[in-house]
Amino acid sequence: MQHSLDTIELELAILIRRVSLITTCCKFGNLDRSAYLLMHQIISHGSAGVKTLANESHLDISTISRQAATLEQKGYVNRIPDPLDGRACSFQITDLGLKEYNAHRQARLAKIADNLENWSEEECTMFGQLLQKYNLSIINKRYG
């Protein structure tokens, strides 16, 4: 088990460094990671308020508020006032936001496909499942 943990620890550190390098060197568009993930949440789950988005992403409300404000300034999301509570609002993706998100996503997918070109479909499926399982275990340990 210790050898496996040593390998995983080192490979995760290398992966994080390389993903950061790819992100720095290969511009995918105008979205940074946090904007991409927040837009993904809104696109996947529909319009939502700051509190819901913060809970779903396991971030604090002030962080999500800043990220959403930046997206709103760029025209990627619209703020929709809550008719029952004048202080509350939800965010909805705009056509421009959806276009930017899709372009960014396609560039990311192309880079990932390029990196996995010599992998079998079975290896890619297993890798995806294991990454998902690992990410869920982090959330469950931290917030569960």
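Colleague: Are Y36 and Y101 buried or exposed?

Modeller: In this predicted model, Y36 is buried, and Y101 is as well. The label means under 20% relative accessible area.

Colleague: What makes Y36 and Y101 an aromatic pair, and why is the pair called stacked?

Modeller: Ring centres have to lie within 6.5 Å, and planes under 30 degrees apart count as stacked. Y36 and Y101 are 5.0 Å apart centre to centre, with 15 degrees between the planes, so they pair and the pair is stacked. Y36 belongs to helix α2 (residues 33–45) and Y101 to helix α5 (residues 95–115), so the pair links parts of the chain that are 65 residues apart.

Colleague: How do you know that the charged end of R108 sits over the ring of Y36?

Modeller: CZ of Arg must be within 6 Å of the ring centre, and within 35 degrees of the ring normal. The charged end of R108 is 4.3 Å from the centre of the Y36 ring and sits over that ring.

Colleague: Why is the pair of W119 and F127 called edge-to-face?

Modeller: That name needs planes over 60 degrees apart. W119 and F127 have 65 degrees between their planes and 5.2 Å between centres, so the pair is edge-to-face.

Colleague: And why does W119 count as partly exposed?

Modeller: Partly exposed lies between the buried limit of 20% and the exposed limit of 50%. W119 has 37% relative accessibility, so it falls in between. F127, with 35%, is partly exposed too.

Technical notes: Residues are numbered from 1 along each chain as its sequence is written. This is a predicted model: local features need pLDDT of at least 70, side-chain atom pairs count only at pLDDT 80 or more; totals for chains, interfaces and linings use all residues. Side-chain values use heavy atoms; hydrogens and water are left out. Rings of Phe, Tyr and Trp (its six-membered ring) pair if their centres lie within 6.5 Å; planes under 30 degrees apart count as stacked, over 60 as edge-to-face and the rest as tilted. Helices (H or I, at least four residues) and strands (E, at least two) are DSSP runs, numbered from the N terminus. Buried means under 20% relative accessible area, exposed over 50%, partly exposed in between (1.4 Å probe, protein chains only).
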